[in-house]
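Q: Could you walk me through this one before I set anything up, going element by element where that helps?

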Amino acid sequence: VVAIFLLKWLYNILAGIFGGNAQLKEYRAHHQETVTPHELAQQAFELHKQGHGREAADLYVRAGDHLAAATVYAKLGEKVHAAKLLEQNHLYMDAAKFYEQIKQFKDAARCCALDGHYAEAAEALLKSGDEIEAAKNFEQVGESGRAADLYAKNGLLQKAAELYAACGQKDKAAQTLAALVKQGI
């Protein structure tokens, strides 16, 4: 028993010195080096410097730096792709900026609202021409007077009168109510 133990011990020492056993060699052959997100970002930066924008952007995505990836995609002229990437990764305000640059104001407004920025969402909706939805967003942030103006402009006089009264603009509320009376409402 002692002799077998010594032979195994001697075999293990020699196997360690001369390259290990077959299992260790197989592990070394299939072992892949682990790359950290920071290293991926550095590789992406180098690729971008060398003019390989698409590859750099893809590496930035793998590294988890979605803002850097979106910036590279935008430089490549792919602002829609950049905005969607940011939106999918919950970077809503950054996505909204890209959507506004390409004049997709409703998408920009949606992103602003998802992030809780209702005033910015309302402004984007105004740019898209959807004044009723903009008024609803102005109500969300407490800009009742501005919302009432938009409702009145679009013929929703009863809602406008309520908001004018609520925000203390009694003269505008009276004018709106008078317009309602003229319409027979």
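**Loops, helices and core**

A: One place to begin is Lys103, which lies in the loop between α7 and α8, where helices (H or I, at least four residues) and strands (E, at least two) are DSSP runs numbered from the N terminus. This is a predicted model, in which local features need pLDDT of at least 70 and side-chain atom pairs count only at pLDDT 80 or more, while totals for chains, interfaces and linings use all residues. Residues are numbered from 1 along each chain as its sequence is written, and side-chain values use heavy atoms, with hydrogens and water left out.

Q: What is the phi of Lys103, and is the residue buried or exposed?
A: Phi of Lys103 is positive, about 60°, although the residue is not a glycine. Lys103 counts as exposed at 62% relative accessibility, given that buried means under 20% relative accessible area, exposed over 50% and partly exposed in between, with a 1.4 Å probe and protein chains only.

Q: Which residue with a positive phi follows α6?
A: That is His90, with phi near 65°, and His90 is found in the loop between α6 and α7. His90 is exposed as well, with a relative accessible area of 56%.

Q: OK, and α6 itself, which of its residues are buried?
A: Helix α6 covers residues 79-88, and its buried residues are Ala82, Ala83, Leu85, Leu86 and Glu87. They pack against α4 (53-63), α5 (66-75), α7 (92-101) and α8 (105-114), contact meaning heavy atoms within 4.5 Å.

Q: Switching to the core, which residues touch the most other members?
A: In the largest nonpolar core, which has 42 residues, Tyr60 and Phe98 touch the most other members. The largest share of this core, six residues, comes from α5. A nonpolar core here is a set of buried Ala, Val, Leu, Ile, Met, Phe, Trp, Tyr and Cys residues joined through side-chain atoms within 4.5 Å.

Q: What does Phe98 contact away from its sequence neighbours?
A: Leaving aside neighbours within four places in sequence, Phe98 is in contact with Ala70, Ala74, Lys79, Ala82, Ala83 and Leu86. Of these, Ala82, Ala83 and Leu86 are also among the buried residues of α6.

Q: How do α3 and α4 pack?
A: Helix α3 (residues 37-49) packs on α4 at an angle of about 165°, with the axes 8 Å apart. That makes α3 roughly antiparallel to α4, since angles under 35 degrees count as roughly parallel, over 145 as roughly antiparallel, 65 to 115 as roughly perpendicular and the rest as oblique. The axes are lines fitted to C-alpha atoms, for helices over the stretch in contact, and angles run from 0 to 180 degrees between N-to-C directions.

Q: Which residues meet there?
A: Among them are Leu40, Phe45 and Leu47 in α3, and Leu59, Tyr60 and Arg62 in α4.

Q: And what about α11, which elements does it pack against?
A: The buried residues of α11 pack against α9 (118-128), α10 (131-140) and α12 (157-166). Helix α11 spans residues 144-153, and those buried residues are Ser144, Gly145, Ala147, Ala148, Leu150 and Tyr151. After α11 comes Gly155, whose phi is positive, near 85°.

Q: Last one, how many helices and strands does the chain have?
A: The chain has 13 helices and zero strands. Of its 185 residues, 31% count as buried, and among contacts between residues at least 6 apart in sequence, 14% join residues at least 24 apart.
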